[in-house]
Amino acid sequence: MFQFEKISNELLRRIECPGTEKHYKVTLCNGLPKFTPEVLKDNSSRFSVMIETFLPIAERIKKMEVFKDDVWVITFPKCGTTWTQEMVWLLNNEMNFERARKLSLEERFPFVELTGALSLIGGDSVSDIVRLPKPRHIKSHLPVMLLPDQIWTVKPKIIYVSRNTKDAATSFYHHYCNIVGYDGPKEHFYEAFLSDNLIYAPFSEHVLDYWKLRNEDNVLFITYEQMKRNLRQVILTVSSFLEKSYNDQEIDALVGHLSVDSMRANKSCNMDALVEWARNTNYSDARKKNDSNEFRFIRSGKVGSYRDEMNQEYVTRFDDYERKMTIGYSFDFNF
Ligand code: A3P
């Protein structure tokens, strides 16, 4: 079903750290399944970079049972997954703010390939999904080629969130330092991103494949930038996609609940437990000693925050990366 080819190069050696050891290039031996929508059948041979712990769960995910009333939120990492999950869960659960505060987002909306995406996390995230009560809410960063085959026949609702490359890469760099345990220079991380060596790479094909699916009835493609520009409008769009209807006060309450300050203060979705786990598990002793404990998973929460820290050379190279990958598509990364 899959071919796994170990990747070993200087760019990867520089960024490998406790949370992401041993990278593999994953390809499908027989291409995409025959029920895959026509728009994806463009003869390109897809691959995705994953880490070693993904190998034992790849086939289990591919063969996983899918239900029509599942709701999937899929993104490339750091594109607004958590924000969107909280919105989708509340819209799909009669705006039950009380329950949302009681149960963590990880419990309400688990991450299907978690154990295959963070080396030392332990557990079995695929079994956790199988045990979930219906309707299931599922988070994933998987590219289309690694989704369960039944996605294409059962057609559950999928909400894909994209984000401009420079902010996504910058946010991912902070995630690498503070969750994955990386403590090298930012430039090495950017090089690994730009050369499609990072987990879930290539970024552009990840986004473009879901963008090609945007007109499928069961797929909604939204962007982090749209959410920042007009959260209320995106809430209404997602609500109608989920076939839900709410009055103005309920929508107002959700807009407030989803603000960056409110979510940062909300223990059920601010991932404090994950950050704490990462500090204890992935940080070097030197890092533990000098850590200021200031990192919050919900960090700056802005569009364009790359400007504070990406130098002009990398701005140009990321712009170039986007330009090359979107040649021939009407899609524009700058939204
Ligand atoms: P930054 O690191 O740029 O601040 P993910 O959930 O996919 O890991 O994405 C994390 C990014 O979404 C982080 O971006 C985080 O701050 C941002 N984010 C999370 N909740 C948010 C909210 N309520 N409003 C705006 N941005 C939010």
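Analyst: This is a predicted model. Its largest cavity holds about 70 Å³ of space.

User: What makes the space of about 70 Å³ a cavity, and which residues line the largest cavity?

Analyst: A cavity is a set of points where a 1.4 Å probe fits but cannot get out. The space of about 70 Å³ is classed in that way. Its lining consists of Arg-46, Phe-47, Ser-48, Pro-143, Val-144, Met-145, Tyr-200, Ala-201, Pro-202, Glu-205, His-206 and Asp-209. Strand S3 and helix H10 (203-212) each supply at least two residues of this lining, and H10 gives the largest share, three residues.

User: How is the lining of the largest cavity divided into nonpolar, polar and charged residues?

Analyst: Seven residues are nonpolar, two polar and three charged. Tyr and Pro count as nonpolar under the scheme used.

User: Why is Thr-223 called buried?

Analyst: Buried means under 20% relative accessible area. Thr-223 has 3% relative accessibility and therefore counts as buried. Thr-223 belongs to strand S7 (residues 219-223).

User: What makes the pairing of Thr-223 with Gln-226 a polar contact?

Analyst: The cut-off for a pair of N or O atoms is 3.5 Å. A polar atom of the Thr-223 side chain lies 2.9 Å from the backbone nitrogen of Gln-226, a value within 3.5 Å.

User: Which residues of helix H2 are buried, and why are they said to be on the same side?

Analyst: In H2 (residues 55-62), the buried residues are Leu-55, Ile-57, Ala-58, Ile-61 and Lys-62. They cover an arc of only 145° around the axis, which puts them on the same side of H2. An α-helix has 3.6 residues a turn, so residues three or four places apart point the same way.

User: What do the buried residues of H2 pack against?

Analyst: They pack against strands S1 (2-7), S2 (23-28) and S3 (47-51), and against helix H6 (125-131). Contact here requires heavy atoms within 4.5 Å.

Note on methods. Residues are numbered from 1 along each chain as its sequence is written. This is a predicted model: local features need pLDDT of at least 70, side-chain atom pairs count only at pLDDT 80 or more; totals for chains, interfaces and linings use all residues. Side-chain values use heavy atoms; hydrogens and water are left out. Buried means under 20% relative accessible area, exposed over 50%, partly exposed in between (1.4 Å probe, protein chains only). Helices (H or I, at least four residues) and strands (E, at least two) are DSSP runs, numbered from the N terminus. The arc is that of the directions from the helix axis to the C-beta atoms. On a 1 Å grid over the protein atoms alone, a cavity is a set of points where a 1.4 Å probe fits but cannot get out, and a pocket is an open set with protein on both sides within 12 Å along at least five of seven lines; lining residues have an atom within 4 Å of a point. Grid points are joined across faces, edges and corners, and a volume is the space filled by probe spheres set on the points. A polar contact is a pair of N or O atoms within 3.5 Å; within protein, one must be able to donate a hydrogen and the other to accept it, and residues adjacent in sequence count only if both atoms are side-chain atoms.
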